[in-house]
Amino acid sequence: MNKFVADLHVHSPFSRATSKKLDPNFLAAWAAIKGVNVLATGDFTHPKWLEQLEQALEPVKDGLFQLKENVDLNQLKLSPNPLKLRGKVYFILSAEISSIYKKNGKVRKIHNLVYVPSLVKARELNQRLAKIGNLNSDGRPILGLDAKHLLEMVLELDSRAHLIPAHVWTPWFSLFGSKSGFDSIEECFEDLSRYVFALETGLSSDPEMNWMWSKLDRFALVSNSDAHSGENLAREANLFQGEISYDGMFYALKREGLGHKFLGTIEFYPEEGKYHLDGHRKCNVVFTPKQTLAHQGICPVCGKKLTVGVLHRVLALADREQPVQPKHSPGYFSLIPLKEILAEILQVGAKTKKVNQVYFELIGRFGSELDILLNVPEQELGKIQPGLDLALTRMRQGKVFKKPGFDGEYGKISLFTPKEIKELTQGKFFLSSDLTQIEGYVRQTNLDKPVFQSTPTSTLNSEQKKAIVELGPVLVIAGPGTGKTFTLIARIQRLLKQGVNPRHVLTVTFTRKAAQELKERLCLLLGEQNSLPTADTLHALAYDYWQQVHGEKPLLVDEEGAKQIFSLANPQLKGKSLKQAWEKLNLAREAQKKISSQEYIAYCELKKDLNVVDYLDLLEFWLAEIKEGNFINPYLHVLVDEVQDLSPLQLELITALSSQEGKGFFAIGDPNQAIYGFRGSVQDVASYLKQHYPFLKIIILTQNYRSGQEILDLSANIFPIQLKSQRQIQAKITMFEAPTGDYEAHWIAKQVKTLLGGSSHLEADQDKQEVSLALSEIGILVRFKQLIPPLKKALESYGIPCGGQEEEVFFREARVEIILQEVEKMLGLRPKEKILIPERILAEGPEKIKCLNVPPFDPFFWQSKAFKELEKLYQQEQGWVGVLNWVKLEEDSLDLNLRAQQVKIITLHASKGLEFEAVFLPCLEDGILPFRGINQLLQPQSEEQYDLEEEKRLFYVGMTRAKRYLFLSFAKQRTVYGKRLHLPRSRFLQLLDFNLITCKKAIRQVIPKPKQGSLI
């Protein structure tokens, strides 16, 4: 039967550090020279490369492609002599995707190969991936996508689409890599592991090394060139038997082929791979695994961790003393590239003209390089080049000299001693190629297994213990990273252990998200079978009480709808005056001030006419019910989270729910993180609570489990609260002065790249930083949303996945969701338990639904942005079926985005409650932070009030999100809203102790002019 060679991992000119000549014609020509029958296209995820492939290739077999035109590949002039290239070259669509993410407490950097059977499927996958990361930045895109989720996407794409983990032993970017890999395939792909049927062994390992680990016996072990240039094609490749076809290779690798069979691989000598042994290239230290263990994994020159190589990692995971070839696994051939053999014989470089001349003479005479290395009789080759016959004999017998590669430096395989080169006679001493003689295959401990630190707050410290046992009323001042939520949950746990009925415990949170997270944590601690205390926001609780009293849900308008009603009730108010009157009214209501303005009266009357209520109506109604004695209060213990962010109205409602003496009252928060004054939160929560509870006990938590002490010392310059770090880490603080905002953004992108420990093999080799963070461990925090786009653009230009503020999508608005559920009922996609919208109305589209004015639909909902988006989509998709299909696809993308990890670029307000290993605080100019308001920022002569102390608290919140790295930066000029601004550095920076900060500024690069050449 026919046999053919497949090289299934190459790259395009759009990948970094690749030849720019790599167009489809060039690849086809080199494939013919090398003897490859099926070649991967590589990089189909890059839009421009995919365009080139679509223009140059046409499908000729189901899943394979050829060049469209019968191009004379000899015109490419790859050879100094006329060369007749033989054989057809088929292409298979492939891509390599770099996933950088955090899983099981460790940063993972995994490369995976993806294969699809058609251009349509390639475009479909690209559309989904483009929503996660920037596909234009690199032929091998970097995504914050869990490898399992990538596999899931591939499996959903097509039954023949498949994923193969790439170079699985490479230290920096692979499935089993010592630096950022896993200890088993199941740990990585979980329940989808059974869909992975092949592994790429990589240049630094061969099948025999992989046969040391029985868990790999079920996989087909493939090898590919991972070529970045045409000349490197087929340095490793795969051998198949059968007719050339996509399905033939696919099923042969799965061991399900009928007429096809996987025959094995062509291998680099693994010692030639650049990560075979352990070591430090910069220090010129190379160790065997045994030597590395003797030095405890530390470089004796620089004192840093050694890069653990493939051999060491294989031995660490191996469960056999000797390699055992599985019965169903084919063998392999170890070869040396022909140009390297010629270079050794001729004693010149492999890329020299002399080697090139002989190389192409051999190709012209005998055919492809693989034919020469594997099949052509040695004596025939010796006639062309003396010594080549002996060299090929030794290589085919495995009698070679090996100088192993390490830490990014390629090894060297030799066929002759220096004396033999000189005399061209057979040598007497050859190193054994028997792998079992290296280190005796003694299984050693893996130096790089992740060490999971116990959660710092797994036990209560003395301050926290006092907080959970003290009888109320209690106010706990919990500074950043001091275990606020942990302490709150511990207090709830203690109450329940004391026998308090969960019905008698109420926990009030600031957001619904916080309430849900609290419930989930309590459920984990107490078990799903146990009743949980009530945990929710005041607005949600008030909503439920209103429904209980009135027997129906209130027709509740959101903030946008409420403002529209206020505008209609007061037509004399326009623009700025309307905005100011609306904000003033809300602040007065939150502060419980007596309001008698005509604007407020008109607003209340129109709400009454429309039979709607706003959020503050709910709170006011519930408070009035409590004061009148109508509310039967079941709560003996009231616990409040983020108490500093509550308004006087909310605090009075909470104290009304507590006993008069406050015996069951417990509040926790941090006044220095009170950042919602613009919404009416109290200025001094401790003083306010003391008015209600004169005997209020205040407990302060000072032990910080988040940040290095340097960051805490710096933040103490803003507010003199001396927090004590419980983490044994040294934090680093950097301040950067940039000439422009764009320069600052690109500087930040470079720092992020460094923090990631590089995102490619090249970067990992060039810059051996000990830092290696996950994308999700880096946060960039800005004062307002308009500062996000330049930063996002800069990061994407470096191929770094990043995400800004999470925008609320219209189809997840509660009332739009109800409409879509009704549509599903009408179409038979959901049980018709209760019909809210008659089908005859629904069938005519959104325009007819507007006639409904029943809960939960208020008149202003039909004017809302969400409903208008629904109307627009209905027209675009020409009916409800199209709408549902569109929404389903978008929801899948949104869910995928939520699972994908990214560098966060968010506002300081949105960062509250989050933490990052590294935090960037850019745009630190006066006017931006402290923020004087858009009008005053763009028109300095305008007057706009702002709260300087609250701006300082925002700065403090941003600084204290950082664990290990804090970057502060500002620019001499930047463009905001199209206007160029020249602002001084933030006044808050003057408060800082510069002894704790490394200061940097942009260095002007002077490009020397080229000198004029002499004519003589």
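1. The structure, a predicted model, holds 34 aromatic pairs. Rings of Phe, Tyr and Trp (its six-membered ring) pair if their centres lie within 6.5 Å; planes under 30 degrees apart count as stacked, over 60 as edge-to-face and the rest as tilted.

2. The pair of W747 and F967 is edge-to-face, because the ring centres are 6.0 Å apart and the planes stand at 70 degrees. This pair links distant parts of the chain, 220 residues apart: W747 belongs to helix α27 (residues 741-755) and F967 to strand β31 (residues 962-976). Helices (H or I, at least four residues) and strands (E, at least two) are DSSP runs, numbered from the N terminus. Both W747 and F967 are buried (under 20% relative accessible area, 1.4 Å probe, protein chains only).

3. F784 and F931 have ring centres 4.7 Å apart and planes at 35 degrees, so this pair is tilted. F784 sits in the loop between β27 (778-782) and α29 (788-797), and F931 in the loop between β30 (916-921) and α35 (934-938); the pair therefore ties together parts that are 147 residues apart in sequence. F784 and F931 are likewise buried.

4. One aromatic cluster is formed by Y545, W546, F621, W622 and F631.

5. Charges also sit over rings (NZ of Lys or CZ of Arg within 6 Å of the ring centre and within 35 degrees of the ring normal). R108 lies over the face of F182, 4.1 Å from the ring centre, and K339 over the face of Y359, at 4.9 Å.

6. Residues are numbered from 1 along each chain as its sequence is written, and side-chain values use heavy atoms, leaving out hydrogens and water. Local features need pLDDT of at least 70 and side-chain atom pairs count only at pLDDT 80 or more, whereas totals for chains, interfaces and linings use all residues.

Technical notes: Buried means under 20% relative accessible area, exposed over 50%, partly exposed in between (1.4 Å probe, protein chains only).
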